[in-house]
2 protein chains.
Amino acid sequence: MDKFNFKISKKSKKSQARAGIINTPHGLIHTPTFFPVGTKATVKGITPRQLDEMNIEAVLCNTYHLFLRPGDKIIKKLGGLHKFMNWSKPIITDSGGFQVFSLGFGMKHGVSKIVGSNKKNTRNKNTEQFAKITEEGVHFRSFIDGAKHFISPEDSMKIQENLGADIIFAFDECTSPLSSYKYTKEAMDRTHRWAIRSLKAHKKKNQMLFGIVQGGEFKDLRLASSKFIGGMDFDGFGIGGSFGKFEKKIKNVLDWSLEYLPETKPKHLLGIGSVKDVIDAIKKGIDTFDCVSPTRLGRNGTAITAKGNLNLKAGRFLLDKKPIETGCQCYACVNFNRAYIRHLFQSEEMLAGILTTLHNVYFMDKLMKDIRKDILKGKF
Amino acid sequence: MDKFNFKISKKSKKSQARAGIINTPHGLIHTPTFFPVGTKATVKGITPRQLDEMNIEAVLCNTYHLFLRPGDKIIKKLGGLHKFMNWSKPIITDSGGFQVFSLGFGMKHGVSKIVGSNKKNTRNKNTEQFAKITEEGVHFRSFIDGAKHFISPEDSMKIQENLGADIIFAFDECTSPLSSYKYTKEAMDRTHRWAIRSLKAHKKKNQMLFGIVQGGEFKDLRLASSKFIGGMDFDGFGIGGSFGKFEKKIKNVLDWSLEYLPETKPKHLLGIGSVKDVIDAIKKGIDTFDCVSPTRLGRNGTAITAKGNLNLKAGRFLLDKKPIETGCQCYACVNFNRAYIRHLFQSEEMLAGILTTLHNVYFMDKLMKDIRKDILKGKF
């Protein structure tokens, strides 16, 4: 793993926050940072050049979606994910394990993020369980055509090797926040066994492999998972689990999850993206984040600003000559006003979502860069 | 009109083709050229910066749509169309007259371009006439909310002055290709009277006003319209009419329409955009074009190439590493292959339409620049 390393440039004195640099074969990632999500090998509505112009350093793609379409083998034949999507900077792929949650128990519990948002599957919503978890791996049906598939930890490693991201994740089971203690423990123990298998199966030398801490909302489970996963020879660590149903507990869950993870390694918080949560998590020692919220909110008309979210479709912006956020240096704010962007949303024009997404991605990135500066100055 | 002029740089010896320069307050337009269409003050899916990077010199927006939403008065309050859409180069607006055709008789005849493509109005398709034409102007209903509106030639001038484009058009009635000789003549005579009223009503000094030749597919009417409109003090001329139903006649119709137009003034062919038609029309002496086809085709998966149209959704591109068009220097072709763009279309990703639209707009612009070079070299 000569090509990889993680250096902590500065630690905060008042919290666990730190500024660091992850060195990958496709370039540096300055932390803390937020990875825009490009689920299907594209950050929705944004060109790689536009990401590059904002100095975005890395994007996260979803293994599950790319496995199903166009297929990891196809992407490998086309030269790997970097070449496929024309992104020469670092790429992260998740393990596909989140879909165990979102297509399996998540759906059963009515808290799925994925199936509910897919119109084509509406007929099946809450009527059929899509995923079946065994010790060996996960059986599931494609969200595209309903075809049966199976992914084991070994498969996940092979798929992620074919995709060729710089940072990949061990295969895990992400339980629902509504799962019982008993089930959450079973799933966590399985995730630990899968972590061992993932680490063993991972062959590619120029990829960092991150282990994932699970354990739901339960203190003893989170501590146990932190100890187990933290004791393994991973290149970094992810904190998994849906935090959506127990927002107030997120800080505790983070504390427990991070308890036994080695300080010297990078730590990623999976799928969390609100400004408040991100700032809190940085204080706990989280280095990197990913979440669809900046792009999803942007497409749907909501801009993220320092003063809170802004619904750009609102009638009060009819004649508003101000940019989305005064002082923001993103392409949207420098060049367009709220009145125009509102008009674009009213008219259902593509540019509406493009501009608002550009702003939101820029906003999150700028927030992280500012925090990094503050940490380096000892002011965070 | 000091700020405006049209200079013919070079004439072809073998045809009526010419290379020229239209000088507007917002910059030069080198002809022949093709204006991408930004119906609702945005070229669908493309940022002004992306247009500028391709050296696009001018865009055409639709008066009818902007009158209805957000409204020409709103745009005026926001500083005019250039500022509103952040496009500092020349803008052209049509007169709104095409909608007389597409929402009135066009619909009655089932050849509407507009209503048929608007899902919200499907219930009304072919069952109700939306527009009523009187000597005074046109009564019609909004495609957005069904509200009643009226536009006269004087209104069209006022609306286009509020929008503030560099080149505007006289208010005309565009008859259906299925209209009788009798009706086509009536409409043409009315268009001539409206041309007089448009010219009289036009107050703004820093806008070129183009008159429109009509007359359907009938030789004597086209010649009469060419003589009448060509004899008026317009800054340039547009050739109107739907050519869709009589493709073979387009060359004759063009000949008749251009017969009496002064050679020294710029000539625009409204709404025609196929590669073949554009080349034929340049040979007849047409200087500028506009059409939604490059953007509409692009959004829907069809790329325009020198070898014909390419359906990028086709399965045969699954592993195709070639760009849309080999040798093309557009952003899409330099950076992405067909396999990736096909994947984006399969996945219904915004970037699919963005990249293909970028290619199509670049292709049409490059075609025109190449033709211009050939004319200047005396090789066209």
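**A chat about a two-chain model**

Modeller: Let's start in chain B, where Phe140(B) stands opposite His149(B) in strand 9 of chain B. Strands here are DSSP runs of E with at least two residues, helices are runs of H or I with at least four, and both are numbered from the N terminus.

Biologist: Before we go on, what kind of model is this?

Modeller: This is a predicted model, in which local features need pLDDT of at least 70 and side-chain atom pairs count only at pLDDT 80 or more, while totals for chains, interfaces and linings use all residues. Residues are numbered from 1 along each chain as its sequence is written, and chains are lettered from A and ligands numbered from 1 in the order in which they are written.

Biologist: Thanks! How many bridges join strand 8 of chain B to strand 9 of chain B?

Modeller: Four bridges join strand 8 (residues 138-141) to strand 9 (residues 148-151) of chain B, and these strands run antiparallel. For two strands to pair, DSSP has to find at least two bridges between them.

Biologist: And which residue of that hairpin takes a positive phi?

Modeller: Gly146(B) does, with phi near 80°, and the hairpin has six residues between the strands.

Biologist: Switching to chain A: in what order do the three strands of the open sheet come?

Modeller: The order is 1-2-3, with antiparallel pairing. Strand 1 (5-11) and strand 3 (27-31) of chain A are the edge strands, each pairing on one side only.

Biologist: Which helix packs on that sheet?

Modeller: Helix 14 (residues 350-377) of chain A, which touches strand 1, strand 2 and strand 3 of chain A. Contact means that C-beta atoms, placed from the backbone, lie within 7 Å.

Biologist: Now the two chains. How many residues does each bring to the contact?

Modeller: Chain A brings 31 residues and chain B brings 31 residues. Helix 13 of chain A gives the most to the side of chain A that touches chain B, with five residues.

Biologist: What rotation superposes chain A on chain B?

Modeller: A rotation of 180°, with 0.0 Å of shift along its axis and an RMSD of 0.0 Å. That is how a two-fold axis relates two copies. The superposition is by least squares on the C-alpha atoms of residues with pLDDT of at least 70 in both copies.

Biologist: Which residue of chain A comes closest to the rotation axis?

Modeller: Met350(A), whose C-alpha is at 3.9 Å. Both copies use the same surface, too: 100% of the contact residues of chain A recur in chain B.

Note on methods: Contact = placed C-beta atoms within 7 Å. Axes fitted to C-alpha atoms, helices over the stretch in contact; angles between N-to-C directions.
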